[in-house]
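Here are my notes on the model, as numbered points. Please read them with the structure open.

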Amino acid sequence: MRNRIAHWLQGRGYRGVIIGLPYIWLLLFFFIPFCLVLAISFGTRTPTAPPFGYGGEHPWISFVGYSRLFHDDLYIRAFLVSLSNAATATVLCLLLGYPMSLALTRVSSSWRNILLMLVILPFWTSFLLRVYAWMGLMGKNSWFNGLLTDAYNLLTPASWAITSVPMMHSNFAVVLVMVYTYLPFMILPLYANLERLDPVLDEAAMDLGSRPFRVFLDVTLPQSLPGIIAGAMLVFIPAAGELVIPTLVGDASSPMIGRVIADEFSSASDWPMAASVAIVLLLLMVGPMMLYTHYQGRAETGEDAP
C-alpha cells in the first residue's frame, strides 16, 4: 500500500493534491456555508433555537423572505444606498488610484519600492483602529474639522458662518472612510497591469505626432482596462456589503445592506429574512464578476462574442 501511494505521488499525485486543496477549501468554507444560508432562507421564523424551522403551519419551502425584499421599503432603500455608496467610492478610488499607479510605473526602482511600501503600510494597522481614527478626525472638536470650518467661513459670507462641519453619521463619512480603506485595492491591480505595458508603444505614438494626452487616451487607457475592472471589482464588492464602516460613521436612518443583515440576524432574530437578503446580495455581486470572467476568458482565447 505504501509503495502504491509513493508511486502515485511520484506520478500525477502531487499535481492532483496541489490542484485539489483549493477546491477542498472552497467546498468547506464557501459552498457548504452557502448551502446552509440558502436552506435557512427558505425557512420560516420560529421562537425556537435556532429561530427558524420548516413544516408545521407553513409549507416546507417558504418564499416570504424573498417576497419582502421587493415589497418592504427598508430593504429596497438599503440596497440602493449600498450600491450608491459603493459605486461612488469605486469611482473616487479610480480617480485617485489611477494617477498614483501610473506614477509608480514612471519613477525609479528605488523610489518605487518606497512608494509601494507606503501604499501597503495601512494594512499593518488594525482596520478597526483606522476607522476610529477617522471618527476622531471627523468629530466636531477635531483639528481636521476645525481646519475645514475655518476654510468654509473664509470663503463664504459672514451670515453663512458655521461652528463645525457636519461630517459624522452621514453617507459622506461612509464614502470617505471607504475610499481611504479600499484605495490600495485599486492601486495594486492597476499598478500590476500598467507595469506590464510596453513603453515603446507610447514612444511610437508620440513619434507619429500624438500629444501626451492623446497617447494616454488611445494607447495607455485601453490597455489598462483589465486592471481598471479588476480594481473596481475588488473595491465595489466588499464596499457594497460593508458592515463596520456604516455602523460606526454612517447614518442609522439610511443603513447599508450589511448593517440590515446584521440587525436581522442579531436584534430581530429573523434568520430566514437575513439569509434571503444575504443570498440576493451575493447574487448581485457574484453575477457581474462571473460575466466578466467569462467574457475575459473568451477574449484571451480569441473567441468572438455571439
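1. Is F185 buried, partly exposed or exposed? F185 is partly exposed, at a relative accessible area of 32%; buried means under 20%, exposed over 50% and partly exposed in between, with a 1.4 Å probe and protein chains only.

2. On the source: this is a predicted model, in which local features need pLDDT of at least 70, side-chain atom pairs count only at pLDDT 80 or more, and totals for chains, interfaces and linings use all residues. Residues are numbered from 1 along each chain as its sequence is written, and side-chain values use heavy atoms, with hydrogens and water left out.

3. The whole structure holds 13 aromatic pairs (Phe, Tyr or Trp rings, the six-membered one for Trp, with centres within 6.5 Å; planes under 30 degrees apart are stacked, over 60 edge-to-face, the rest tilted). Y98 and F216 make an edge-to-face pair, 5.5 Å centre to centre with 85 degrees between the planes. Y98 lies in helix α3 and F216 in helix α9, so this pair ties together parts 118 residues apart in sequence (helices are DSSP runs of H or I, at least four residues, numbered from the N terminus). Y98 is buried at 7% relative accessibility, while F216 is partly exposed at 24%.

4. The rings of F123 and F185 have centres 5.4 Å apart and planes at 80 degrees, so they too are edge-to-face. F123 sits in the loop between α4 (109–120) and α5 (127–137) and F185 in helix α7, 62 residues apart. F123 is partly exposed, at 37%.

5. One aromatic cluster is formed by F52, Y54, F265 and W271.

Note on methods: Helix = DSSP H or I, 4+ residues; strand = E, 2+ residues; numbered from the N terminus.
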